[in-house]
Amino acid sequence: MKTLNRILLLALGVVLAVAVAGLPPRGDIQAPSHLAANATGAPVAGAYYIQNAYRHARTPNMVTVILADYRGFDTLGETLVVFTGAIAVLFILRRRTP
Amino acid sequence: MREASTSPIIQVAIRGLMPVIQLVGLYVFFHGHYSPGGGFQGGVLLAVSVMLGRLALGLEMSQVVFRSGIAVGLSAVGVMIYAATGLAALLGGGEFLNYGFLPIPGLDPPALRNLGILLIEAGVTVGVMMALIAIYDEIVESRTESSVLATFE
Amino acid sequence: MHWQIEILLLVILVVAALTALQLKNLLAAVVTLNIFSFMSAALMVSMGAIDVAFTEAVVGAGAVGIFNILAIFRTTRRTLD
C-alpha cells in the first residue's frame, strides 16, 4: 500500500511538472490572457479592466476595483460564506438548553 | 483559552502587540484604495488581534477588549451593510451593487463608485472580523471535549 | 539573483511541509505549517501577486495558526498515531 501511494504521488508530480512546463513564462506580454483580444478576436476582460479601472472608479488600486466593483456579487458571496461558517459553528457547538 | 496564560513573557508581548496589530488592520482597511489590502485582510487582522488577547489574557480579562456574545449579531450587521449598499444603488435607479447610482447628490459617478467601494469594504471588514471572533468564542465556550476525547484514548 | 531566492524559498517550503507531516509534537507542527504559509506568501510576492500574498500571509500564518493552537488546547498536545 505504501509503495502504491508513492507511485501515485510520483505520477501526480510528473503530471503537474508537465502541465507547468506548458504554461507561458511569467510576465510574458504575448500570453493569451494579456492580449487585448484573444485568438478568435473577442476582447479579453483583463485589458478592459486595466484600461478603464481608474476612469470608472477613481481608485488607483486596480485589484480593489475589480474585487469590489466589477465583481461585487462575488465578494458578497465570499462574505456570506464566512458568515455562514460562523452560523454553522454556532449551531453545532452551542450547548442546547435542557 | 479560558484561563490567562501563566507566562509573563506572553502576557507582556501580547499586550504590546495587540494595539499595533489593530492599528495595522485599520491602516490596511482604510488604505485599501491605494495599496494592497482591503476589507478581508483588514478584518482578519482586527480579528487576530482580539483572538490573541483571548488566547493570552484568558476569556474573562479579555472581555474589556471585546465582549463575547455580540459577535454573531455584528457579523450579520456587516453583511447587511454590504447588501444595503447594493439596495441603495437599486433605489437610485441602477442595478444591484452598481455604485454609480447611489442616491447621494453632488457627486459624479466615479466619486460615487469610490464611496461605494469604501462602504462595502467596511461591510466586509465588520463581517469577517466578527465571524472569526464568533467562531473562536464558540469553540472556547463549548463543553464537549471529554466525550470526543474519550473515543480516541 | 532572483531565481536563486525563489529556489531557496521553494526548498524551505517543501522541507517545512514534510517536517509538519513528520512531527509528533502538534504545536511544533502548527508552527512549521505557519512557516509553510509564510514561504508560499513570499513566493507569491516574488511572482508579483501582492494581494494574494497578503491574504495568504494574514489568513494562513495568522488566523489558521490561532485556530490550530486553539484546537490543540482543546484536545491533545501530541499525536496518538
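Is the crossing of α2(B) and α3(C) left-handed or right-handed? In this predicted model, the crossing of the two helices is left-handed.

**Packing of chain B against chain C**

On the α2(B) side, the residues that make the contact include B:F40, B:V44, B:V48, B:M51 and B:L55. On the α3(C) side, C:F54, C:V58, C:G62, C:I66 and C:I69 are among them. By class, this contact has 14 nonpolar and 3 polar residues, with no charged residues.

**Chain C**

Chain C contains 3 helices and 0 strands, in the order α-α-α along the sequence. Its C-alpha trace spans about 45 × 25 × 10 Å along the principal axes. Of the 81 residues in chain C, 21% count as buried. Among its contacts between residues at least 6 apart in sequence, 52% join residues at least 24 apart.

**Interface of chains A and B**

Here 25 residues of chain A are in contact with 29 residues of chain B. The elements of chain A that give two or more residues to this side are α2 (45-57), α3 (62-70) and α4 (72-93). The largest share, 13 residues, comes from α4(A). The classes on the chain A side are tabulated below.

| Class, side of chain A that touches chain B | Residues |
|---|---|
| Nonpolar | 13 residues |
| Polar | 8 residues |

Terms used:
Residues are numbered from 1 along each chain as its sequence is written. Chains are lettered from A and ligands numbered from 1 in the order in which they are written. This is a predicted model: local features need pLDDT of at least 70, side-chain atom pairs count only at pLDDT 80 or more; totals for chains, interfaces and linings use all residues. Two residues are in contact if their C-beta atoms, placed from the backbone, lie within 7 Å. Helices (H or I, at least four residues) and strands (E, at least two) are DSSP runs, numbered from the N terminus. Ala, Val, Leu, Ile, Met, Phe, Trp, Tyr, Cys and Pro count as nonpolar, Asp, Glu, Lys and Arg as charged, and the others, Gly among them, as polar. A residue is buried if 20 or more other C-beta atoms lie within 10 Å of its own, exposed if 12 or fewer, and partly exposed in between; C-beta atoms are placed from the backbone. A crossing is left-handed if the near helix is turned anticlockwise from the far one by less than a right angle, and right-handed if clockwise.
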